[in-house]
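Please open the model in a viewer and keep the selection tool at hand.

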Amino acid sequence: MRKVKTLVKKEIRDILRDKKTLVMMVVVPMLLYPLIIIGMSIGISMFMQSQEDQEHIVGYAQKYAEVVSRLEELYKENQEELDWQITFVPSRESSEEDREAADVWMEMKWEPGDVELETERKPGNVELETEPKSGNVETGEPLHVELLYSSAEESSLGTKRVLEDILEKYREELLLENLAKEGLDETILYPVTYEATDGASLTESFGMDIGGSIGMMLMVTILLGAVYPAIDSTAGEKERGTLETLLTLPVTNFQMILSKFISVSVFACVTAVLSVLSLGGSVLFLIFGISDTMGEQLQGISLGAVLPYIPLLLVALIATALLATALCMCFCVFAKSFKEANNYVTPVLLIVMFASMTAMIPSFRLDYKTALIPIVNVSLMVKQIISQQLQMPLAALTTVVNFGYSILIAWILAKLYDSEAILFSDGFRSFRLFQKRADIKAGTVPGIGDAVISITVVLLLMLYVGSAAAVRLGGLAGTAINQILILGVPLFAVWYMKSDIRKLFSLKRPKKHTVLGSVILYFGVYCLILLTAAVLTNLLPQSTSNLQEAFVPIVEAPFPLMLLVIAAMPAVGEEILFRGFLFGTLRERLGRPVLAIVISGLVFGAFHMSLVKLIPTFLLGVLFACIVSETGSIYMTMGLHFLNNTVSVLAMKYPEETERIAPIFVEESLSLSEMAGLLAVGAVLTVVGWRLLKRKVRV
């Protein structure tokens, strides 16, 4: 730890040499919230005050002066309440210049005062013109007023609102007069009265309205605080040429990456703390420092109810800062220059921003489902804290989940930094797909950039082509087209790069002694997957229901066709893409099979785009990648993948028969004894299968 401490001091000094780091860590969080919250509120207040003091023109035709005179009287009677300066200006000619000069133009007419005049009669055609008849309010003829305004101009929009209030008062006045003439009371118009009482406090309403925006700003600020130190400690070392010197020191790679992670995390955590202080100070200034309309409204907020949650919020934000640090460093480790690292981090920033924006959706709340999603959970937690609706178990789960993700990504970072092949590789710049095929040598292994591009292309094709096919041709046809795309993209990529398909895809027969171990290992892990799926079904019942509804049209297809499309085609296409192209590329480029197994499993889980299927498919992806790594054959995983999907097809197509023979495959919830049995059987089979798979056979 003395070595780590020394390295941390060195890293912090190096990071502090870059003034951009200090700007992003101190200046941005300390100025961002005052500028946004205080600056915008004062600016809007000053703008509205200037609009209120300004004179606004209301134009109208001279012949309606009698009506407008009463409107003008009503305006003067309620001028203090309306708080808007308007002047009624008549126009004799109703010219376009008068209309354009007015903020709002009032077009009026007496509805029943239009008479039809036949001007010209032709066979099969009668042209009519209307001529307004003179009238006044005493005749009882209804008056129609049209307000011509521009919503793009605040002066016009505000004037329109004031005129609507005046016209409403004028209508009520005439209505009461007409009722009095008939000897009626106004209650005859309102046989039912009602009122709505808001049970939410001002703090709760304020939190639900802007709490999501505050959460998003905190997440983006924390990420910005981690970006530049992460770039400087990774790509900056390479660009300065000091990384090689560090590797010659008498320290392990783990000690070196731990020191870098701690140093960058310090800056990210300081940014998180400063952001909370700056945000709190801005809100307090609005409440107690100024007396404008917004400040007066905020004075009803209960700060005493929010303050006890601040320490808990700081802990969650620190966990998020650690997560942001590990995430940024994982991407920056592939870059060779500061500029290149900025390009890699930009998508991360966009993803974090969009994830945190979900808290701005009114219906989104922190629950046991959303608490499992990083970034999103903390944004929702901020929203719940401000609205005084936070539940302590959910807050604890959010913090634990973010710390868990931080540890996982930090572990991946340590594995990346432990490989010199990664530190000094081309990283994401190795886009051989953009080179001329004639310039590519035979046997070229795809780069990490090629794998990223290929996976992205598959996702885009599935989104546009596959979705369109599913809508037009049906769910089963869409699934078939998606599987063709999944198979076609990697095959085209390896053909274009002249890769050794047999080696990259592990296309060789498995050894006999590995078959039994692979099958037993599969059944062991499958039991654990069933257990995980049962737990997730209880936690995410709505997601499970939506998943089942999506398969309803497919179940109506013939069983052989379902077996082909849902079981056989994914067993080939997905294995070629994930265990062949992706895992093969990562294994060769990263030089660490364990890291390649985990990353390919994560991508395989995320590829299915379902929260309830994320963890089970991740475990299945890790299992298949392990089998390919140990057996050197993708044929084993193709067979096991087909078996896995066949069980799902049988459970969907014949649920009653499956429930009678093997109820554990279709039960919506499992008892504690069944879950314990799955855990025990799964653990035993997994250990036995793994030992058989790793067993060395004497030749």
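Does E575 count as buried or exposed? At 0% relative accessibility, E575 counts as buried, where buried means under 20% relative accessible area, exposed over 50%, and partly exposed in between (1.4 Å probe, protein chains only).

The model is predicted, so local features need pLDDT of at least 70 and side-chain atom pairs count only at pLDDT 80 or more, while totals for chains, interfaces and linings use all residues. Residues are numbered from 1 along each chain as its sequence is written, and side-chain values use heavy atoms, with hydrogens and water left out.

**Stop 1: salt bridges**

Helices (H or I, at least four residues) and strands (E, at least two) are DSSP runs, numbered from the N terminus.

Next, select R171 and E168, a salt bridge whose closest N and O atoms are 2.4 Å apart. Being three residues apart in helix α6 (residues 154–181), R171 and E168 are separated by about one helical turn. Here R171 is exposed, at a relative accessible area of 53%, and E168 is partly exposed, at 33%.

A further pair is R70 with E73, for which the closest N and O atoms are 2.7 Å apart. Both belong to helix α3 (residues 65–77) and are three residues apart, about one turn of the helix. E73 is partly exposed, with a relative accessible area of 42%.

To end this stop, select K10, E11, E237 and K260, which are linked in a network of salt bridges. The structure holds twelve salt bridges.

**Stop 2: the strands**

Select β1 (residues 55–61) and β2 (residues 85–91), which pair in the parallel sense over seven bridges. Two strands pair if DSSP finds at least two bridges between them. E55 stands opposite Q85 in β2. Five of the seven residues of β1 are buried, so this strand is largely enclosed by the rest of the structure.

Strands β1 and β3 run parallel and are joined by three bridges. Across them, G59 has W105 as its bridge partner, and Y60 has M106.

Which residue in β6 is the bridge partner of M106? Select L147, which holds that place. Six bridges join β3 to β6 (residues 143–148), and these strands run antiparallel.

**Stop 3: the nonpolar cores**

A nonpolar core is a set of buried Ala, Val, Leu, Ile, Met, Phe, Trp, Tyr and Cys residues joined through side-chain atoms within 4.5 Å. Select L218, M219, I231, L317, L416, F581 and L623: of the 124 residues in the largest core, these touch the most other members. Helix α13 (residues 310–332) gives the most to this core, with twelve residues. A second, separate core of 23 residues includes V67, W84, V104 and W110.

**Stop 4: loop residues**

Select T234, in the loop between α7 (202–233) and α8 (235–240). T234 is buried, with a relative accessible area of 1%. Not counting residues up to four places away in sequence, T234 touches M329, C332, V333 and Y417, a contact meaning heavy atoms within 4.5 Å.

Move to K498, in the loop between α19 (475–496) and α20 (501–504). Although K498 is not a glycine, its phi is positive, at about 55°. K498 counts as partly exposed, at 26% relative accessibility. S506, in the loop between α20 and α21 (512–539), likewise has a positive phi of about 55° without being a glycine. At 5% relative accessibility, S506 counts as buried.

**Last view: the whole chain**

Of its 699 residues, 44% count as buried.

Definitions and conventions:
A salt bridge is a side-chain nitrogen of Lys or Arg within 4 Å of a carboxyl oxygen of Asp or Glu.
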